[in-house]
Amino acid sequence: MNGDHPPRTEDLLDRRRRLLGPNVSTFYEEPVHVVNGEGVWLWDADGRKYLDCYNNVPHVGHCNPRVVNAIAEQAGRLNTHTRYPHEGILDYAERLTGTFDETLSTAILTCSGSEANDIALRMAEAMTGKRGIVATDATYHGNTTLVSHLSRSNVPGVGFGLGQYLRHVEAPDCYRISDPDGQHFAAHVQRAIEDLEREGIGFAALIVCPLFLNEGFPDQKEGWLRPAAEAVRCAGGLLICDEVQSGFGRCGSHFWAHQKQGVVPDVVTMGKPMGNGHPVAGLVTTPTIMARFRNAFRYFNTFGGNPVSCAAAMAVLDELEDRGLQENAAAMGKLAHGRLSALSEKYDVIGDVRQSGMVFGAEFVRDRETREPSSAFADQVVNEMRRRGIILSKLGRHKNTLKIRPPMPFVAEHVDLLIDTLDDVLASIPHHG
Ligand code: PMP
């Protein structure tokens, strides 16, 4: 900062390119230089206020005072690592595992979701003695060497060959592929497993986000994932549920999205919202898997599970509970879905409206008959919403679905502001089919 004048956004972008290198992405045609946050609101350097309908990391609200105080208090007392016994990680692990099926009673804490997924895949290898992994074709599970190979959109580059161990199955798409009971998806998983076995690689694990959030959060009835889980179990592999985005009450009906799916995974990974922005992530699993992993691989993480991280994570659980934020997610999701559905009657460009608790969005199509996606229209909407002070994004298999995933203290007046602005924006952008 330079005196009272905030740096110009162009200057910041220039410095980013110079200091951070090329291809470091920003959001929006006109990136937002945010300098303050509170609850569901963000402010830019010029003092302009934005409604945050996108960020799931500040789960219990930007700069949540309870979390900030917990971090400050513990940081002022002690911060070390897990080679010193400390009750912080134990109290947290006890409370966290208490939210899962009783079989998932042990935990590892890390600093990122990527690390947690990396460990989960190594657990699968330790348990099965095999390395074959099945994932969906439109997913993202993180950025370590191992985990980055699961993603098709950010492939690590030619020459890094873990591809032989992977099989991608088509991500569910309830708008285009009829699969009411998850049998179609399970058949794909089954074929991928057989292929890995036939090739002599062997099947170790299926890894999925139980809400298929990056894939466009398809509508699925409770228990939809059961047939796929069954195929995994029959083949002797592990079911890994990546709840980095879907966990901590976001789906409204349950604290964890796999519970909505009616399955008990072997490993559940988590991150993003866990410390409300403080970098804490982790996983839970059974004592048997944990012991096998701990004995097969020596694992230590300098920052993972430190006392400050645990204090932050504990404060997040307190906030969720005391403020009834999971229940709020269920109620606000329903409200937003109703209002989005009303918009879909007004605008043909909306092909489908979907919601799962505090994740909701509309899918844009060029033509409702053909259901051809309109990613360019989604781009225009996202950028115009930003101009009008609403922060959101897009995602999905076809990158044409609005990604609306606000902090959990999002209430009816916020839903109204969001949808009223979206109504104006849809009316303002010509749509030629
Ligand atoms: N899994 C999912 C489903 C994610 O969305 C992400 C991050 N977008 C990750 C894992 C990786 O988490 P992190 O960035 O904390 O490593």
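So, where helix 2 and helix 10 touch: Arg 66, Val 67, Ala 70, Ile 71, Gln 74 and Ala 75 on helix 2 meet Pro 307, Val 308, Ala 311, Ala 312, Ala 315, Val 316, Asp 318, Glu 319 and Asp 322 on helix 10. Contact here is heavy atoms within 4.5 Å, and helices are DSSP runs of H or I, at least four residues, while strands are E, at least two, numbered from the N terminus. That contact splits into ten nonpolar, one polar and four charged residues. For the classes, Ala, Val, Leu, Ile, Met, Phe, Trp, Tyr, Cys and Pro are nonpolar, Asp, Glu, Lys and Arg are charged, and the others, Gly among them, are polar.

Before I go on, this is a predicted model, with pLDDT of at least 70 needed for local features and 80 or more for side-chain atom pairs, while totals for chains, interfaces and linings use all residues. Numbering starts from 1 along each chain as its sequence is written, and side-chain values use heavy atoms, leaving out hydrogens and water.

Back to the pair: helix 2 (65–75) and helix 10 (307–322) pack at about 155°, axes 8 Å apart. Axes are lines fitted to C-alpha atoms, for helices over the stretch in contact, with angles from 0 to 180 degrees between N-to-C directions. So helix 2 is roughly antiparallel to helix 10; the cut-offs are under 35 degrees for roughly parallel, over 145 for roughly antiparallel, 65 to 115 for roughly perpendicular, and oblique for the rest.

And what about helix 4 and helix 9 (287–296): at what angle do they cross? Roughly 90°, with the axes coming within 9 Å. That makes helix 4 roughly perpendicular to helix 9. Their contact has eight nonpolar, one polar and two charged residues.

Helix 4 (113–128) also turns up in the largest pocket: helix 4 and strand 15 (393–395) are the elements giving two or more residues to its lining. A pocket is an open set of points on a 1 Å grid over the protein atoms alone, with protein on both sides within 12 Å along at least five of seven lines, and lining residues have an atom within 4 Å of a point. This pocket holds about 1300 Å³, and of its 43 lining residues, Tyr 54, Tyr 140, Asn 214, Lys 272 and Lys 403 lie nearest the centre. By class, the lining has 13 nonpolar, 21 polar and nine charged residues.

Notes:
1 Å grid on protein atoms, 1.4 Å probe; cavity = no way out; pocket = protein on both sides within 12 Å on 5 of 7 lines; lining within 4 Å. Points joined across faces, edges and corners; volume = space filled by probe spheres on them.
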